Amino acid sequence: MFGLFGKKQTEEVSTSSLYEKIGGEAAVNAAVDLFYKKVLVDARISEFFDTVDMEAQHTKQKAFLTMVFGGPNSYTGKDMREAHKHMSLTEEHFTAVAENLVATLKELGVAEEDINSIVEIALSVKDDVLNK
Amino acid sequence: MLSFFFKPWLHFLDQQGQNQKVRLRPNESVLSALLRSGHTIPFSCKAGLCQSCKVQCVQPSKLPAGSQRGLKNAHAQQGFFLACLCFPKRSLDIKLPDANDDIGVAKVVGKEFLNEKVIRLRLSTDIEFNPGQFCNLFKSTNVVRSYSIANTPADDYLEFHIKYIENGKFSAWVANDLRIGDELNIQGAYGNCIYTETNKNKPLLLCGISTGLAPLAGIVKHALETQHTGTMDLVIGARKAKDFYLTGELFSLADKHKNLKLHWLCSEEHPKNIYFNHADLYQYVSEHFADLSEYSVFLCGAPTFVTKLKKQCFLSNASMGAIHSDAFTSAK
């Protein structure tokens, strides 16, 4: 199933979005469990997830991945800010999530250049998440 | 911020047909506001689980997000919402529940203690349910408790396992006052912790503590009745061997169906009975079920138990959509 992430022909790539290129919703579904697991066991950030409703969090992470994959989403900077502003998050917490994201994408065989594009989108919400 | 200064109103007709209004305080739920102002509506868990505080809104589009969590689509579309989950930012016109809305009558057809603490209550009623769901049982309008159904529609009664708590408003009443032939009000059935497997070879892992066994027993019986052929591991945790119940019935079920395996785990003693083990449930599950990627998992019991084991099962590769759970909250 992770073949979904495989590189397609270059002509196709130029006409389709990053989201479609890496496999659309099926790719998000494959990535979300893996990503959430990594986040849950990462000692730097796991405490933030101890008391949350796991299903609800799973849904949010799916929305987050859809956004960073460049897919259709309704995420706004305001949502990001609202959701995280009471958590006193630091640079280290953001880095931890970003590292888990990269590790997930590598494990699923996403191409280096696409990982770079995804990380760029993730970085665009950093100020909102850290409430800067 | 405007909403900080503007306190919304609740407008409604009370049970006597009189127009009433209540001013909501900041961050106050509809349920809290109704109770504070002396209006009686059924409620129990105050956590959006039992659905006993369901009320209707005349303008569903004005309902704040999240106040219809867990309701059936048909009910949500009609503007029903849970008063305990609804924190309005603007004024709402609501309809208090009709006393008879959604509530049926059940007759007691069986009552016995299964061990020192657990009462088996059997009720005759015509409500429809899926095994694993729960009902609200009424002692009175104000004393309502949610209990899981422990059997399947193949029987002509509903079975509930009620943990006896000394001086418990509901359980002590069941133990001391309720007689065969008595009638009580019942509402339901609700809940999503149900067996809907179309792949009959899928392995099932079912874990419960205390009366969390009730919905699991219903699910196991239902799976067997619908010819489930995959393995079913039922893991039951308790402090001591004397806390186990339904042992005879489950042993004979496991005897008849070789794909059902029982794991009785005592956390606080080495049981004399060779069928029981001394083990920590979390550790036992992680050792015996290290890879749950193929499994459907059912978890029932106290919220802390469900939360902890859900996370553990997810980390053992169970997919989130394949973990079904029912966390029992105590009445507040």
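Here are my entries, beginning with the ground rules.

I'm working from a predicted model, where local features need pLDDT of at least 70, side-chain atom pairs count only at pLDDT 80 or more, and totals for chains, interfaces and linings use all residues. Residues are numbered from 1 along each chain as its sequence is written, while chains are lettered from A and ligands numbered from 1 in the order in which they are written.

**Sheet, chain B.** I looked up the strand order and got 15-14-13-12-16-17 for an open, parallel sheet of 6 strands in chain B. (Strands are DSSP runs of E, at least two residues; helices are runs of H or I, at least four; both are numbered from the N terminus. Strands pair if DSSP finds at least two bridges between them.) Strand 15 (276–278) and strand 17 (323–327) of chain B each have a single partner strand, so one side of each lacks a neighbour in the sheet.

Asp233(B) sits opposite Lys261(B) of strand 14.

**Chain contact.** I found 6 residues of chain B in contact with 7 residues of chain A (contact: C-beta atoms, placed from the backbone, within 7 Å).

**Helix pair, chain A.** Axes of helix 6 (residues 91–107) and helix 7 (residues 112–123) of chain A come within 11 Å and cross at roughly 155°. (Axes are lines fitted to C-alpha atoms, for helices over the stretch in contact; angles run from 0 to 180 degrees between N-to-C directions.) On helix 6 of chain A, the contact uses Ala98(A), Leu101(A), Val102(A) and Leu105(A); helix 7 of chain A brings Ile115(A), Ile118(A), Val119(A) and Ala122(A).

Key: Contact = placed C-beta atoms within 7 Å.
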